[in-house]
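User: I'm new to this structure and would like to get my bearings. Could we go through it one question at a time?

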Amino acid sequence: MARIALVIGALAAILYPIPLQIQGTTYYQTVGFLVLVNAMLGVGWNVIGGWAGQFDFAPQVFFAVGAYTAALLYVKLGLAAWLGLLAGVALAAVLCALLTYPLTRLRGHYFAISTVAIWMIAQPIGASWEYIGAAQGLFIPVKAHASVIGAALSLQFAGPTKAMGYYYAALVLFAVTLALMALVERSKLGYYFRAIRDDQEAAEGIGIDSRRYKVIARTITAAVFAAAGVLYAFWALSVFPEQVLELNWATLPIMATVVGGIGRLWGPVLGAVILIPISQIMSTTLGTGPLAGRGIDLIVYGLIIIVIAAFRPTGLLSLPWSRWLRIGRRRAAGAPA
Amino acid sequence: MTELAQAVVNGLQMGFLYALVAVGLTIIWGLMEMINFAHGEFLMLGMFGGWWLSARFGLDPLLAIVPIAVVMYAFGMLVYQQLMRRVQGGDPFTQIFATIGLLFLLQNAVVAVFTSDYRFVNEGLLVRLGGAKVQLVGLTFAMPLLLAAGLALLIFLALYLLIERTEFGLALQATSEDRDAARLVGIRPQRMFAMAWGLGAALVAIAGAILVNFFSVYPQVGLQFTVMAYAIVALGGFGSVLGTLFAALLVGVIQSVTVVYLPPAFKDAFVFASYLLIGLFRPQGLFGRF
């Protein structure tokens with residue numbers, strides 16, 4: 001049952017852009033791109049937030065580290081984006097481990113606030129550091145690539161296939177992230193994370209070094225954010241502080257995780273599929289009307305989160321779907337013809 | 001040297017205003033141990049209230065404090081009764097999510113009504129005092145800030161007396177110490193929590209109505225104050241009202257002294273850096289009771 005759903009989902013994700021490309025509506029491919037990026041970020045955030053149970057409010061710092069590293073290497077040294085991605089992920093991981101180790105002395109919302117403090121300190125640094133372009137940031141020049149392979153190898157898609165190219169790039173990164181996190185979930189590491197979340201004292205009692213594993217969990221989250229940051233930078237063709245350090249890079253993935261089901265591998269994916277298109281659909285339906293650009297989509301997000309928190313804090317995936325679906329099927333089978 | 005002394009004095013005056021911003025959170029977070037990430041949005045509502053009453057009815061933002069406080073007290077109670085009561089017993093994460101949802105809802109409801117434009121108050125006593133200054137022992141005090149700081153201090157002292165000297169305050173502290181024991185002596189914890197939320201919301205909204213005389217207001221103004229308030233409450237030692245005041249003065253001074261030596265973008269960075277340092281080396285805060 002679950003395997004069938006996985007195959008159908010994967011096929012749908014792979015085929016999704018093709019009819020759109022034939023029809024020539026690249027807009028919905030960009031929506032798909034954003035869904036995948038946020039799903040990937042959510043799956044990454046789930047490691048620190050859902051499994052290790054530490055509220056990280058500032059993963060966007062590492063999103064920015066990834067974006068800046070790859071953009072700098074490309075602009076200053078001409079290094080290809082995928083190599084930049086490796087460098088960005090490595091740098092974000094090291095930086096995250098160094099910054100997080102002292103923070104793990106703090107617990108609960110004290111930890112959460114300390115991550116916000118790191119973000120608040122990162123913002124003026126990003127806005128005033130001349131080497132990385134200060135407030136203006138960096139521009140990534142587009143290079144025309146004759147072949148699809150050339151474009152894919154340099155992560156630079158342009159022209160009418162831009163949206164489709166980045167959609168598939170995001171799909172690849174998302175799939176890799178999901179597969180790796182599925183491994184983590186079932187590994188010893190995943191069990192250590194959840195043991196610390198459920199009862200830190202008990203986990204320490206059986207010899208789990210809680211500070212060490214919290215650092216590892218947040219470093220995994222940071223690595224995922226850095227990779228997504230590189231992808232986003234090359235899609236946006238620029239990196240500047242207000243864009244990559246925006247709070248939405250934390251709140252949207254976190255919301256997706258909560259709506260779908262925190263601590264469940266597929267929770268953030270479901271959440272992103274539900275939440276991200278809302279904002280796009282709203283902006284098309286409201287068009288240029290009086291309520292356009294008035295944040296109506298974010299009001300809806302706020303309401304959804306409040307309702308989930310108040311009535312089903314474990315998320316949509318925690319609802320008894322299998323029972324409901326089975327009852328539905330049995331009724332259908334037993335119904336008189 | 002004079003420059004430094006002047007910066008310290010200015011910082012102290014801002015500190016009194018920050019104390020009022022943070023003390024609502026001292027009650028909700030420090031005393032009642034509930035999380036509110038929408039604290040800055042309450043402040044934003046207070047600022048917008050001050051601006052709107054001034055722009056629409058010509059009411060001085062300082063007088064607008066009264067209706068704003070009443071409305072926000074009711075609003076804070078409503079938030080507790082309709083939302084926070086449901087998530088109170090569960091995972092602390094759920095409280096974070098619920099208030100982040102509230103943050104999005106309030107912020108964007110205000111965008112929907114007033115748009116994201118920056119608004120300024122251009123009437124009222126503090127605006128009219130404008131450039132008026134007082135010179136004292138070689139230091140300059142701007143009249144509007146001095147008055148506002150004095151007003152904030154008055155409200156703060158009234159709150160201190162309310163919490164430390166009245167039956168209501170004692171009941172609040174009793175609920176914070178031990179909910180079940182409080183119930184045994186006839187205190188209804190649910191009611192105390194609702195009143196704490198009302199009081200917290202009203203206080204921060206009052207701070208907003210004063211601050212709107214100095215800062216422009218826009219729907220996204222809240223978060224920076226939320227984080228600052230958390231830093232102040234943590235520095236001051238959770239639940240300590242006087243600790244909050246000292247920590248807020250310290251934050252005001254750190255901010256204004258930073259600006260003398262570094263680009264203005266860094267004015268908050270050192271506030272948060274000091275939160276991190278104190279969080280790591282003295283987790284009970286500078287003035288904590290524990």
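User: How many residues of chain B are in contact with chain A?
Analyst: Keep in mind that this is a predicted model. A contact here means C-beta atoms within 7 Å. On the chain A side, 33 residues take part, and the number in chain B is 38.

User: Which helix gives the largest share of the side of chain B that touches chain A?
Analyst: Helices H3 (61–87), H4 (92–114), H10 (222–236) and H12 (269–281) of chain B each bring at least two residues to that side. One of them supplies 15 residues, the largest share, and that is H4(B).

User: What radius of gyration does chain A have, next to what a compact globule would have?
Analyst: Chain A is built with 16 helices and two strands, and its C-alpha atoms fill a box of roughly 70 × 60 × 45 Å along the principal axes. For 337 residues, a compact globule would come out near 20 Å. Chain A agrees with that, at 21 Å.

User: What percentage of the contacts in chain A join residues at least 24 apart?
Analyst: For some context, 47% of the residues of chain A count as buried. Now take the contacts between residues at least 6 apart in sequence; the share joining residues at least 24 apart is 74%.

User: In what sense do strands S1 and S2 of chain B pair?
Analyst: S1(B) covers residues 133–136 and S2(B) covers 139–142, with four bridges between them. Among the bridge partners are Gln135(B) and, in S2(B), Thr140(B). The sense of the pairing is antiparallel.

User: Which residue in that hairpin takes a positive phi?
Analyst: The hairpin of S1(B) and S2(B) has two residues between the strands. A positive phi near 35° is found at Val137(B).

User: Is the crossing of helices H9 and H11 of chain A left-handed or right-handed?
Analyst: The axes of H9(A), residues 188–198, and H11(A), residues 210–236, come within 10 Å and cross at roughly 115°. Leu189(A) and Phe193(A) are among the H9(A) residues that meet H11(A), where the partners include Tyr213(A) and Ala217(A). The crossing is left-handed.

User: How many nonpolar residues does the contact of H9(A) with H11(A) have?
Analyst: One residue in this contact is polar and one is charged. The nonpolar count is seven.

Methods. Residues are numbered from 1 along each chain as its sequence is written. Chains are lettered from A and ligands numbered from 1 in the order in which they are written. This is a predicted model: local features need pLDDT of at least 70, side-chain atom pairs count only at pLDDT 80 or more; totals for chains, interfaces and linings use all residues. Two residues are in contact if their C-beta atoms, placed from the backbone, lie within 7 Å. The radius of gyration is taken over C-alpha atoms; the globule rule is 2.2 Å times the number of residues to the power 0.38. A residue is buried if 20 or more other C-beta atoms lie within 10 Å of its own, exposed if 12 or fewer, and partly exposed in between; C-beta atoms are placed from the backbone. Two strands pair if DSSP finds at least two bridges between them. Axes are lines fitted to C-alpha atoms, for helices over the stretch in contact, and angles run from 0 to 180 degrees between N-to-C directions. A crossing is left-handed if the near helix is turned anticlockwise from the far one by less than a right angle, and right-handed if clockwise. Ala, Val, Leu, Ile, Met, Phe, Trp, Tyr, Cys and Pro count as nonpolar, Asp, Glu, Lys and Arg as charged, and the others, Gly among them, as polar.
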